[in-house]
Amino acid sequence: MEAVEAKTVRGAMFDTSELVLNMGPQHPSTHGVLRVVLRLDGETVVDAEVVMGYLHRGIEKLSENRNWTQIILLTDRMDYVAAATSNVGYCETVEKLLQIEVPRRARYIRTILCELQRIASHCLWLGTHAMDIGAMTVFLYAFRERELILDLFEEFCGARLTYNSMRIGGLPQDVPAGWDKKVLEFCNIMAEKIDEYETLLTHNRIWLERTKGIGIISGAEAAAIGLCGPALRGSGVARDVRKDEPYAAYDEMEFDVPLGTAGDTYDRYLVRMEEFRQSLRMIRQATEGLPEGPIVGKVPRLIKPAAGETYHAIESPKGELGYFIVSDGKSTNPYRFRVRPPSFCNLQALPRLVRGHLVADVVALIGSIDIVLGEVDR
Amino acid sequence: MAEEHVPKAAVPTGPPDPPPAADAAIPAFITSLQAEVPGAVARISFYLGDWTVIVPVSHVLQAVTRLRDAPDAAFDLCSDVTATDWPPRAEGRFDVIYCLYSTRHRHRVRVKVIVAEDQPIPSVTGVWPAANWLEREVFDMFGVNFTGHPDRRRILMPDDWQGYPQRKDYPLEGPGELLMENPIDWLKLRQSREQADIE
């Protein structure tokens with residue numbers, strides 16, 4: 001408000017006032033049905049309000065009325081560009097409630113699938129983020145490689161987007177013969193392609209102008225406002241669920257957690273680019289060291305965990321994906337099913353990030369926090 | 001359908017919240033919280049490797065501020081705020097649960113507060129700004145009465161929505177479009193469903 005009043009010239013013929021601009025819910029760069037109400041002073045954003053809920057399907061309520069196995073395919077529908085990680089998070093939470101051990105082979109395959117999924121999700125992020133800023137080519141390149149991952153998933157479980165690829169206690173089926181060779185082949189292809197993306201963007205003058213110094217947030221503030229995943233690590237906070245609270249086979253993997261320094265859009269971009277490489281490193285380790293053995297643990301025929309509650313978090317491509325599940329020990333469905341969606345918590349930082357920037361930067365910042373509306377609204 | 005064959009279980013009256021074993025080592029941040037803020041810890045629970053501290057409503061702000069600021073606790077991330085509905089429970093139907101994480105010590109704790117319907121509970125948005133939307137969602141879904149919240153509105157449901165969807169007494173299925181288009185058919189459908197339930 002103050003900024004506007006200061007610009008009003010006393011006695012002049014013209015006057016200035018704030019403009020309210022509605023962005024979305026049908027806007028191509030909001031990545032779904034997100035509505036942002038911007039208050040503008042000229043081209044500068046004074047304040048932003050996020051309106052959501054257009055995709056609310058009541059997944060939590062639905063899950064409380066389905067049995068434990070049926071919920072797995074509902075988790076697919078939250079973060080639909082990274083369905084396998086949602087499956088893993090849910091199954092591990094139920095396994096924790098049931099206190100069952102998952103065989104080592106199943107944990108390794110879960111790790112491979114999670115990391116393939118992370119690369120696929122980051123490919124989609126990179127393509128759309130770059131296209132929002134104006135680099136069309138990267139979109140085509142990134143989707144070309146994402147297709148290879150979808151082919152691998154199709155061979156494993158028959159689906160390309162919503163996989164339903166986990167079962168409580170392990171996996172629905174073993175990987176097909178020769179699949180691991182194809183995964184290694186993909187790793188070799190992908191390693192070159194990441195360099196290709198970086199030649200297009202990392203030192204590109206337009207890219208630097210559009211991302212450097214945009215949406216700077218310090219580590220302490222990012223943690224307080226609830227940013228998680230690559231967006232938090234871009235501000236230099238070493239928080240990665242895979243390292244801090246290892247699940248699947250991450251305790252046996254060797255990998256680094258890339259950290260940013262400046263906490264701007266460019267650093268968040270660099271963190272994700274490095275995560276591509278670390279994911280490839282983990283896929284190679286897990287595929288080469290894939291142990292033999294069973295793929296399903298000792299699961300009771302009727303899944304009915306003892307009364308109690310638990311919270312379990314995993315690192316999805318977007319950040320900390322947590323499940324809080326309460327079982328009453330009597331019925332065959334959860335008493336309370338709660339998802340801690342990383343996209344929702346990251347989106348909360350958007351008004352703070354866009355304040356003081358230009359309208360054109362808003363699309364860059366929405367891309368930089370990497371949201372999926374299916375998960376925000378559930 | 002499969003759901004109809006599920007036997008109707010008795011309505012549970014609350015989570016078990018098992019106390020820790022007598023010889024279990026209680027983390028230092030819980031014992032120091034008990035010592036420094038008298039009355040802040042009503043009960044302690046330990047289940048499947050997770051510690052839960054049950055805090056009375058009157059001490060919520062004091063307890064969470066201590067948990068954030070004390071060097072032995074340092075819970076700088078508020079991972080999640082959620083609630084559970086236990087309608088028949090005498091001491092209050094809602095559990096409001098805060099999942100906290102410390103990036104310095106890499107430990108977790110859950111803070112649980114029991115509140116009755118309409119009973120005010122102070123918002124922790126001033127302690128962790130991250131709780132803002134999470135509390136809005138709890139308000140939207142359960143109708144928990146947060147006080148001192150900077151922006152207490154519905155977040156996922158439309159602003160003019162009636163009722164709180166995640167409550168246990170809220171129906172899974174609403175009247176839908178049929179009620180709008182043809183109320184008589186809707187009434188017939190409802191009656192036939194009720195008939196099927198009785199049979």
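Which domains does the domain assignment of chain B give? In this predicted model, the assignment gives domain 1 (13–168) and domain 2 (175–199). Select each range in turn in chain B. The C-alpha centres of domain 1 of chain B and domain 2 of chain B are 40 Å apart.

**The sheet**

Next, select the strands of chain B. Five strands form an open sheet in the order β1-β2-β5-β4-β3 (chain B), and their pairing is mixed. Strands of a sheet pair through backbone hydrogen bonds, either parallel or antiparallel. At the edges of the sheet stand β1 (43–47) and β3 (77–85) of chain B; each has a single partner strand, so one side of each has no neighbour in the sheet. From one strand to the next, the twist averages 25°.

Now display β1(B) together with β2 (residues 50–55) of chain B: these strands run antiparallel and are joined by five bridges. To examine one residue pair, select I44(B), whose bridge partner in β2(B) is V53(B).

**The helices across the sheet**

Select helix α3 (residues 60–69) of chain B. Helix α3 of chain B lies across β2, β4 (94–101) and β5 (108–115) of chain B, and runs at about 175° to β5(B). Then select helix α4 (residues 131–142) of chain B, which lies across β3 and β4 of chain B and runs at about 10° to β3(B).

**The contact with chain A**

Finally, show chain A as well. The contact takes 37 residues from chain A and 33 residues from chain B. On the chain B side, the elements giving two or more residues are β3, β4 and α4 of chain B. The most come from β3(B), with six residues. By class, this side of chain B has 21 nonpolar, six polar and six charged residues.

Definitions and conventions
Residues are numbered from 1 along each chain as its sequence is written. Chains are lettered from A and ligands numbered from 1 in the order in which they are written. This is a predicted model: local features need pLDDT of at least 70, side-chain atom pairs count only at pLDDT 80 or more; totals for chains, interfaces and linings use all residues. Domain bounds come from an automatic or database domain assignment. Two strands pair if DSSP finds at least two bridges between them. Helices (H or I, at least four residues) and strands (E, at least two) are DSSP runs, numbered from the N terminus. Axes are lines fitted to C-alpha atoms, for helices over the stretch in contact, and angles run from 0 to 180 degrees between N-to-C directions. Two residues are in contact if their C-beta atoms, placed from the backbone, lie within 7 Å. Ala, Val, Leu, Ile, Met, Phe, Trp, Tyr, Cys and Pro count as nonpolar, Asp, Glu, Lys and Arg as charged, and the others, Gly among them, as polar.
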